[in-house]
Amino acid sequence: MKTDVGVNAEYNPVYQKKKKWNKIVPYLFISPWIIGFIVFTLGPLLFSFIISFFNWPIVGEKKFIGLTNYITMFTDDPLFWSSLWITLKFALFFVPLNIILALLLAMLLNQKVKGSSWFRTFFYVPSVISGVALAMIWGTVYDGEYGILNYLLSLIGIEGPNWLNDTSWALVAMVIASLWGQGTMMLIFLSGLKNIPQDLYEAAEIDGAGKIYKFFKITVPLLTPTILFNLIMTIIGAFQTLTLALVLTGGGPLQSTYFYAMYVYENAFKYFKMGYSSANAWVMFIIILSLTMLVFKSSSVWVYYENEVKNDK
Amino acid sequence: MQKGLHKFFVYTLLILLSILFLAPFIWMVTTALKAPDELYQYPPKLLPSTWHFENFLNAWNSQPFNLYLVNSLIVTVLTTIGQIISSTLVAYGFARFKFKGRDFLFIILLATMMIPWDVTMIPQYMAFNMFGWINSLKALIIPSWFGSAFYIFLLRQFIMSIPKELDEAARMDGANVFQIYYKIYLPLVWPVIVLIAVFNILGTWNDYLGPLIFLNDQSKYTLTLGLAQFKGVHDVDTNGIMAVTFLISIVPLILFFLAQKKIVEGVQSTSLK
C-alpha cells in the first residue's frame with residue numbers, strides 16, 4: 001500500500017489520517033460479531049457464572065450464598081444424580097450406535113451403485129425436519145395399542161412393549177428415534193471416505209489383500225480424524241438432548257427419560273431458580289468440556305494423521 | 001458371480017434401510033388422511049379406506065395456525081437477512097485484513113461453537129427480560145444480526161480462497177474497502193450465501209427451544225410451538241397432529257429437495273478444517 005504514496009507522505013497530514021482510518025476499518029467489519037459476542041455470549045457466560053453463587057429467584061430478593069448451590073446439587077438433590085445418570089446412559093448407547101450406523105450408511109453409499117444420490121436423500125431426509133415434527137411422528141409410531149411398530153413386531157411374533165409408558169423401554173425408544181436423525185454424521189463420513197486415495201486400495205489389492213484387511217488397515221485408520229470429529233459432535237449433542245424428551249415423553253414415565261438438559265430447563269423456566277439452574281448448567285459445561293478434552297487426549301493414540309507417517313519416513 | 005452377489009446384497013440393504021428411514025414419514029401421511037375411527041383399528045391399516053383431505057384443513061383451523069405461520073415467516077426472513085449481512089461483513093474482515101488480535105479473536109469465534117446452549121440461555125433470558133424482548137419476536141430475531149460463528153467460518157474459508165489481486169486492481173481504480181466488499185466480494189461469495197441462507201431457514205423454521213423459552217403469548221407463537229401445543233389441547237387428535245406435522249414439514253422438505261446438492265456439499269465442508 002505504501003507504493004502509491006510519495007516518500008514524504010509520512011509527514012503529510014492527509015496520509016496520517018488515512019493511516020489511522022485504515023487501522024480502524026478491519027474492526028468496523030468485524031464489529032457486529034464483537035458486539036454480539038460481548039452481549040449474547042461473553043456477558044451471559046460471566047453473568048451465569050456469577051449468579052450460580054446466588055440464590056436468584058426471578059422476582060424477589062437475590063442473596064449471595066457461596067457454594068451452596070453446588071453443594072445442594074451434589075448432596076441433596078436426587079434429581080441431579082438421576083438426570084445425570086439417565087443422560088450418561090443415553091449417551092452410552094446413542095453415541096456409539098449413531099457413529100456405527102452413520103458409518104455403515106456412508107460405506108453403503110460409497111459403493112458404486114446406481115441411484116446412490118437417491119438413497120442418500122432418503123437417509124438424510126429425517127434430518128431436515130423439525131425435532132418437534134420428529135417427536136410427533138415417533139409418538140404415533142410407538143403408540144402401545146395402535147402404533148404401527150408394535151403391529152409390525154407382532155407379525156414376526158414379538159409382543160412389543162408399551163414403549164413410551166414403560167420405564168425400561170422409554171429411553172430405548174428415545175435412542176431409536178434419535179438415531180433416525182443421523183444424516184449429518186453420515187454425510188461427513190461420506191466425504192471422509194471419498195477423500196481416501198483410491199490408489200491405496202489398488203496397491204493393497206495387488207498385494208492380495210482381502211476386503212476385511214482393506215477395511216481395517218486402510219479405511220478405518222484413514223477415517224479416524226473424521227471419526228474423532230463426529231465423536232465429539234455426537235457427545236456434545238447427546239448431552240444437550242432436550243426437544244425430543246420435552247415433546248415425546250415430557251421426561252416420563254416416572255422420570256425415566258428426564259435428561260440433564262431437561263433438569264436445567266425446568267429449574268430455570270418452570271421453577272425460576274435462576275441461580276441454581278446456572279450452577280446446573282455450569283456443571284454440564286464442565287462435564288462436556290472434560291469429556292471433549294478426554295477424547296482429544298486419547299486421540300493421539302488412535303487417530304492417524306497422514307503427515308505424521310510421512311515425517312516418520 | 002461373486003461380484004453380482006455382492007451387488008445384490010448392497011442393493012437389498014440399501015432398499016431395506018430406505019424403507020426404514022421413510023416408513024415413519026409414510027405412516028405420518030396416511031395417518032393424517034384416515035377417518036378418525038380408522039385410527040383405532042386393530043390391526044392398523046397402512047392405507048386409509050377413504051382419503052380425508054379435509055383433515056388438513058380442519059387441523060389447520062383448530063388453532064390460529066395462520067397467525068403462527070406469519071410469525072414463523074417474519075422470524076425466518078428477518079434472521080436470514082440479518083445473518084447474511086452481518087456474517088459476510090465479519091467474514092470479510094477476518095479474511096482480508098491484518099490487524100492486531102485477529103488470530104486470537106478468530107480462535108475465540110471458533111471456541112464459541114463449543115459452548116452448550118444451556119449455559120447461555122438462562123442469562124440470555126434474563127438479559128432479554130431486561131431489554132423487554134421476552135414475549136416478543138425480537139428475542140429470536142435480533143441476536144441473529146450479529147453474525148453466527150459457523151457461518152462466519154464458512155464464509156471466511158471461501159473468501160480466503162479468492163485471489164487477492166482482484167481487490168488490488170479495484171483499489172487502483174479508486175474503490176474503497178466497502179465498495180470492494182459489496183461490488184466484488186458479495187457476488188463472488190454468492191454460493192456460500194445461498195448455503196447459509198438454506199441452513200438458517202431450516203434452523204429457524206424448525207427451532208423449538210428458542211420460541212418455547214422466549215415467547216409466552218399464543219399470538220406470538222411460531223409453527224413449532226403451535227404443533228407442540230397440540231398434544232396438550234387435543235390429547236387424542238392423532239389425525240390433526242399428523243396433518244399439521246406434515247404441513248409444517250413441507251417447507252423444509254421442499255427446500256431440501258431444491259438445494260440438496262448444496263446442503264450435502266455444505267455439511268461435508270464443515271469437517272474439512
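The model is predicted, so local features require pLDDT of at least 70 and side-chain atom pairs pLDDT 80 or more, whereas totals for chains, interfaces and linings use all residues. Residues are numbered from 1 along each chain, chains are lettered from A in the order written, and side-chain values use heavy atoms, without hydrogens and water.

**Aromatic pairs**
- Over all chains, the structure holds 55 aromatic pairs, defined by ring centres within 6.5 Å for Phe, Tyr and the six-membered ring of Trp.
- B:Tyr68 and B:Tyr221 form a tilted pair, 5.8 Å centre to centre with 45 degrees between the planes; planes under 30 degrees apart count as stacked, over 60 as edge-to-face and the rest as tilted.
- This pair joins helix H4 (residues 65–96) of chain B to the loop between helices H12 (209–214) and H13 (223–233) of chain B, 153 residues apart.
- B:Tyr221 is likewise buried, with a relative accessible area of 13%.
- B:Tyr92 and B:Tyr185 form a tilted pair at 5.0 Å and 55 degrees, and both residues are buried.
- Ring pairs connect A:Tyr27, A:Trp33, A:Phe37, B:Phe94, B:Phe99 and B:Phe106 into a cluster.

**Helix packing in chain B**
- Helix H3 (residues 54–61) of chain B packs against helix H14 (residues 238–258) of chain B at about 90 degrees, with axes 8 Å apart.
- H3(B) is therefore roughly perpendicular to H14(B), a class covering 65 to 115 degrees.
- Contact residues (heavy atoms within 4.5 Å) include B:Phe56 and B:Trp60 of H3(B) and B:Phe246 of H14(B).

Definitions and conventions. Axes fitted to C-alpha atoms, helices over the stretch in contact; angles between N-to-C directions. Helix = DSSP H or I, 4+ residues; strand = E, 2+ residues; numbered from the N terminus. Parallel < 35°, antiparallel > 145°, perpendicular 65-115°, else oblique. Buried < 20%, exposed > 50% of the residue type's maximum accessible area, 1.4 Å probe, protein only.
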